[in-house]
Amino acid sequence: MTANKVIPLNAVPEAETETNVAEAGASSRPILQVEGVDKVYGNGTVALKGAGLTVKQGEFVSLLGPSGCGKSTLLRIMAGLGEVTTGTVKWWEQDYDVVGSKGRKLAFVFQNATLMPWARVRKNVRLPLDLEHVSSSESEKKVDDALEMVGLKGFDESFPRELSGGMQMRASIARAMVTEPDLLLMDEPFGALDEMTRNKLNDDVLKLRKENGWTIVFVTHSVYEAVYLSSRVVVMAARPGRIVDDIKIDKPYPRSPDFRISTEFAGYCRQVSQALERASGMGESKEDC
Amino acid sequence: MSTPLIRNERFVQIAAPLLVGVLVLLLWQISVMAFDVPKYLVPSPVDIAESLVKDFSSLFGALLMTLKVTFLAFVIAVVAGVAASLLFVQSKWIEVSLFPYAVLMQVTPVVAIAPLIIIWVDDTTWALTICAVIVAIFPIISNTTLGLRSVDPNLLSMFRMYRTSRWQELVRLRIPGALPYFFGGLRISSGLALIGAVVAEFVAGTGGAKAGLAYMILQSGYNLQIPKMFAALILITLTGIILFAAMVWMSDRALRNWHESALKVEH
C-alpha cells in the first residue's frame, strides 16, 4: 500500500528535517468541521454541549478527558455513526454523503479489537473490501500489504482468539488500513493493553501514519499517550461534555521514544495535566480520571 | 500410548459411566433373581434383552415409524423455526406481533391439543408430526432469534459505516454470530421432537401398520408383556441419546475453531 497522498510529510522523507505537521496542517484544507454540536440522548442526558472542532489535513488530534466527557460520542459523530441534536458536521467541507466508496474514506478503530471471532485474521482484515465488493485479487494484495505493515505477516490464517491483545489490535488496525482511509478515527484503541505493548503500538501508529498519510483523531484518557502522539490535544470536560482546551504539541515528527524522556515531553504533560485537572474541576489523578 | 489408561481423559469419560451402568444392571439382575420378582412386575435385564431379540421385527418396525415422525418433525421445526427467527429480526414490529403466539404454542401442553390435531388431520403420520413440531420448534425460534440479535454493536457500527445492505449484514454478521445459539437450540429441540412424537402417539393410540414405539408400549402394557415394554423404552432412550450426541458432534464441528463452547482448553 503506497501512499500517494500529497502531504508535507511525504515530501520531506529525511527524518530529522521534517516539518511539523501541526504547522503544515494550519495551511491545509479542513477534513472535518464540527460546529456547535449538541448531543442529547432520549433520556435527557446531555452528552455534548456546543462542541466545535476543526481537523485539518495531516493533523493528529487527541481527544482527552475524564470519563463521561463525551469524547467517544464526539468521535462517533465524526464517524457519522450518531445523529447530532443540533449543530453541523462537515467532511471535506461537505455532508456525510461524500464519505464512502466513491468519495473520501473514513476508518474507525474501536476500543476493543472488534474482530469477528469466527473468521480468520485474513478474512477479518479483508472485510471492508468485501463489503465494498472489491475484486478478490486486488483485495488479497491489499490485505497482504496491510498485514505486513502491522507486523502480522504469517498470522493471516489464525483465528482472533489465538492472538494476544496487542496482535488483535494490530489486526484491527490492518482492517482499518485496507480501504486506504484519509481520516482515521481511533477510540481508545490501546486502553486495554499493557504499557509496553501500548508504547510499541504508539510508535507503530506514528510510523504507519507517516507511510500512509493519515489524518487521525484519537480518543484517549492517557495524558502521556496524547502528548506523545498528537500535534494537538483537545481537552474535554464532563457534565455536560464540552471542549475546554486545545493545546498544540509543537514537536516535529517523527517522534522517537527519546521524546518520552525529554524535559520537553514532561513540560507538555504538565501543561495538559493541568488543563485536564481544570476540566475535571478538582485535583483528580492525572492519568485515569 | 505410554500414559496409563486411567489417566487418559477420553477413556475415563467413557469407562466411568459405563462401569456405573454395568454395576446397576448387575445389581438389578441379582435383586430380581434373589427376591424372585415375577417377570410381569419387574423383568430382569436378561429378560429385557431376550425380548429385544425375540420381538425384534415388531419393535424395529415401530422404531422406524417413531424415527420417521421424529426426523420429519425435527427437520420441519428447524426450517420453520429458523425462517421465523429470520423474519423476527427483520423488524421489531414483526417480532412483537408474532412472538407471543410462539410462546402460546410452547406453553400449551401438546397432550391437550393432540386430540384436536388428530381429528383435523387424516393422515396419522402427519398428525403426529405436527404435534411433535409444536413441541420442538420453540427452542429453535427463541435461541436463533436471540443469536441473530446478539451482535457486537461495534461490529454493527462498522457495517453501517461501510453502508452495508441488510442482506450482507445478515449473511456476514448475524448468521455466523447466531450459530452457537442455534446449535444450543438444536440440542434441546432434537430431544423434544422425539418426546413430541412419542407423546402424540400415546394420545392418538393408533395401532395397525403405522404403530410406533409408544403404541408398542401401550400394547405391551395391556398384554402384561413387561419385558417388551422395557425393550421399547430402551429403544426410545437410545434414539434420544444418539440424536443428542449427533447434535453435540455437529455443533463441535461447526464451532471448534472459534467458539468457547467447543474449544479444547489445555491446563
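In strand β6 of chain A, A:Leu184 is the bridge partner of A:Ala107. This is a predicted model, where local features need pLDDT of at least 70, side-chain atom pairs count only at pLDDT 80 or more, and totals for chains, interfaces and linings use all residues. Residues are numbered from 1 along each chain as its sequence is written, and chains are lettered from A and ligands numbered from 1 in the order in which they are written.

β5(A) and β6(A) (residues 183–187) pair in the parallel sense over four bridges. Two strands pair if DSSP finds at least two bridges between them. Strands (E, at least two residues) and helices (H or I, at least four) are DSSP runs, numbered from the N terminus. Six strands make up an open sheet in the order β5-β6-β7-β3-β8-β9 (chain A), with mixed pairing. Its edge strands are β5 and β9 (242–248) of chain A, each pairing on one side only. The twist averages 15° from one strand to the next.

Helices pack here too. Helix α3 (residues 71–78) of chain A lies across β3, β6, β7 and β8 of chain A, at about 155° to β7(A). Helix α9 (residues 263–280) of chain A touches β3, β8 and β9 of chain A, and its direction makes about 20° with that of β8(A). Angles run from 0 to 180 degrees between N-to-C directions; axes are lines fitted to C-alpha atoms, for helices over the stretch in contact.

| Strands | Bridges | Facing residues |
|---|---|---|
| β1(A) (30–40) and β2(A) (46–56) | Seven | A:Val40 and A:Val46 |
| β1(A) and β4(A) (86–91) | Five | A:Val34 and A:Val89 |

β1(A) and β2(A) form a hairpin with five residues between them. In the turn, A:Gly44 has a positive phi of about 95°.

**Where the chains meet**

In all, 17 residues of chain A are in contact with 15 residues of chain B. Contact means that C-beta atoms, placed from the backbone, lie within 7 Å. On the chain A side, β5 (106–109) and α4 (121–131) each give two or more residues. By class, that side has 11 nonpolar, four polar and two charged residues. Nonpolar covers Ala, Val, Leu, Ile, Met, Phe, Trp, Tyr, Cys and Pro; charged covers Asp, Glu, Lys and Arg; the others, Gly among them, are polar.

**Two helices of chain B**

The axes of α6(B) (residues 124–149) and α8(B) (residues 166–204) come within 7 Å and cross at roughly 155°. That makes α6(B) roughly antiparallel to α8(B) (angles over 145 degrees count as such). Their contact has 22 nonpolar, nine polar and two charged residues.

Definitions and conventions:
Angles under 35 degrees count as roughly parallel, over 145 as roughly antiparallel, 65 to 115 as roughly perpendicular and the rest as oblique. Two residues are in contact if their C-beta atoms, placed from the backbone, lie within 7 Å.
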